[in-house]
Amino acid sequence: MSASPAESAELASGFAKRVLVTGGAGFIASHVILSLVENYPNYIIINLDKLDYCASLKNLETISNKQNYKFIKGDICEAPFVKHLFETEKIDIVLHFAAQTHVDLSFVRTLEFTYVNVYGTHVLVSAAHEARVEKFIYVSTDEVYGGSLDQEFDESSPKQPTNPYASSKAAAECFVQSYWERYKFPVVITRSSNVYGPHQYPEKVIPKFISLLQHNRKCCIHGSGLQKRNFLYATDVVEAFLTVLKNGKPGEIYNIGTNFEMSIMQLAKELIQLIKETSTESETENWVDFVNDRPSNDMRYPMKSEKMHGLGWRPKVPWKEGIKKTIEWYRENFHNWKNAEKALDPFPVTQPFIQ
Ligand SMILES: NC(=O)c1ccc[n+]([C@@H]2O[C@H](COP(=O)([O-])OP(=O)(O)OC[C@H]3O[C@@H](n4cnc5c(N)ncnc54)[C@H](O)[C@@H]3O)[C@@H](O)[C@H]2O)c1
């Protein structure tokens with residue numbers, strides 16, 4: 001999104017905002033940072049990330065030497081460090097993406113999800129409030145609604161999460177929202193559908209299936225594969241966050257969704273046809289492997305996004321275009337993470353979390 005004339009004048013006068021983006025070495029936030037650094041040269045973008053297994057600074061190589069970009073390695077759960085960061089960096093705006101994000105892992109390292117996603121968010125919003133930040137955007141997920149077959153969720157629908165990841169995101173929302181209720185601290189919450197595109201650690205379904213196929217391995221389908229998901233391309237979501245940054249109203253929640261939806265089975269079939277160039281159904285099925293289901297697996301997340309449409313945002317990138325770019329990117333960049341191979345197991349194999 002390019003700057004408006006008023007913003008251009010503001011920028012030309014040397015006025016700079018200091019924007020803290022957490023989790024910027026991860027998937028979505030790396031795209032947001034690339035866009036902010038390139039399109040808002042007078043904004044200082046500070047990326048706070050602890051560089052967990054799914055992070056890669058290669059996602060940000062093209063802007064790493066820009067004057068309006070700064071990387072700080074650190075943990076949102078370390079309260080004294082976070083407080084000091086707000087005191088020294090004079091942050092105006094926070095975009096909070098950092099989180100534990102893998103649903104399958106949340107069943108195994110469940111307390112870690114509560115610790116990082118709930119406690120870490122509380123640490124961050126509390127420090128931001130103390131530092132009188134002017135806008136705090138908390139990036140949540142459609143998964144807080146729980147699954148639904150036909151009832152479409154809007155922002156006032158109840159939260160009924162069904163897995164530890166979604167529960168931790170819902171709980172963190174409550175902490176963030178309470179700063180608005182109690183102090184009128186200007187928080188905004190977003191709930192987005194699944195996002196896909198370059199830079200996503202290949203533990204998530206789209207990059208996992210792409211990478212498996214590119215390594216001549218079968219797509220591992222959890223359960224029946226009939227679960228449906230809505231998919232948004234990364235650059236569309238970047239536009240959504242820039243829209244919320246500019247026009248999102250304090251205290252509000254915004255669904256960031258799309259009508260584009262497909263079953264996991266359909267997804268696997270499309271990727272097999274594109275990558276393996278299969279022409280018959282039986283050839284395609286040779287590349288599919290059914291494995292156990294997750295302990296719980298929501299069927300659909302149908303969601304209305306009219307509030308975002310009211311702010312002028314709609315997704316633009318057609319699936320065919322987005323998925324082609326994504327497949328091409330993984331062909332060259334799978335090894336952006338040193339542990340990428342590990343992501344291709346059907347379920348995470350990991351040690352229990354000890355804090
Ligand atoms: N990916 C999606 O489809 C999707 C959809 C809806 C909402 N979201 C939300 O968007 C946000 C970003 O998701 P993503 O898929 O880009 O995540 P990701 O897993 O790719 O990246 C998360 C980043 O957070 C960092 N991080 C984790 N714990 C940290 C800590 N304690 N301190 C500092 N940094 C830490 C990691 O190092 C990583 O770089 C998350 O809050 C997620 O819940 C994601």
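**A close look at the annotated span and its sheet**

Guide: Helices here are DSSP runs of H or I with at least four residues, strands are runs of E with at least two, and both are numbered from the N terminus. The UniProt record, an unreviewed entry, annotates residues 20-326 as "domain: NAD(P)-binding". UniProt positions follow the numbering used here, feature names are shortened, and such annotations may be inferred rather than shown by experiment.

Two notes on reading what follows. Residues are counted from 1 along each chain as its sequence is written. The model is predicted, with local features requiring pLDDT of at least 70 and side-chain atom pairs counted only at pLDDT 80 or more, while totals for chains, interfaces and linings use all residues.

Now a step back to the whole chain. The protein chain has 12 helices and 12 strands. Along the principal axes, its C-alpha atoms fill a box of roughly 60 × 40 × 40 Å. A compact globule of 355 residues would have a radius of gyration near 20 Å, and the protein chain agrees because its own value is 20 Å. That radius is taken over C-alpha atoms, and the globule rule is 2.2 Å times the number of residues to the power 0.38. Of the 355 residues, 44% count as buried. Buried means 20 or more other C-beta atoms within 10 Å of a residue's own, exposed means 12 or fewer, and partly exposed lies in between, with C-beta atoms placed from the backbone.

With that in mind, here is the part to study: an open sheet of seven strands, in the order β3-β2-β1-β4-β5-β6-β10, with parallel pairing. β3 (69-73) and β10 (253-256) stand at the edges with a single partner strand each, so one side of each has no neighbour in the sheet. On average, neighbouring strands of this sheet are turned by 20° against each other, direction ignored. Axes are lines fitted to C-alpha atoms, for helices over the stretch in contact, and angles between N-to-C directions run from 0 to 180 degrees. Two strands count as paired if DSSP finds at least two bridges between them.

Which strands does β1 join? β1 (residues 18-22) runs parallel to β2 (residues 44-49), and five bridges connect the two. β1 also pairs in the parallel sense with β4 (residues 93-96), over four bridges. Val21 is a handy landmark: Val21 stands opposite Asn47 in β2 and opposite Leu95 in β4.

From β4 we can move on to β5, another parallel pairing over four bridges. His96 lies in strand β4, and the bridge partner of His96 in β5 is Tyr138. His96 is buried because 26 other C-beta atoms lie within 10 Å. Leu20 is 76 residues away from His96 along the chain, yet their C-alpha atoms are separated by 7.9 Å.

The loops have something to show as well. Most residues other than glycine have a negative phi. Leu51, in the loop between β2 and β3, has a positive phi of about 60° although it is not a glycine. Leu51 counts as partly exposed because it has 14 C-beta neighbours inside 10 Å. Lys184 has a positive phi too, near 55°, and sits in the loop between α6 (164-183) and β6 (187-192). With 10 C-beta neighbours inside 10 Å, Lys184 is therefore exposed.

What surrounds the ligand? There are 29 residues around the ligand, the closest being Gly23, Gly26, Phe27, Asp52 and Ala55. A residue counts as near if its C-beta atom, placed from the backbone, lies within 6 Å. At least two residues of this shell come from each of α2 (27-39), α5 (110-130), β5 (135-141) and β7 (194-196). α2 gives the largest share, three residues.

β7 pairs with β9 (residues 228-233) in the parallel sense over three bridges, and Val195 has Leu232 in β9 as its bridge partner.
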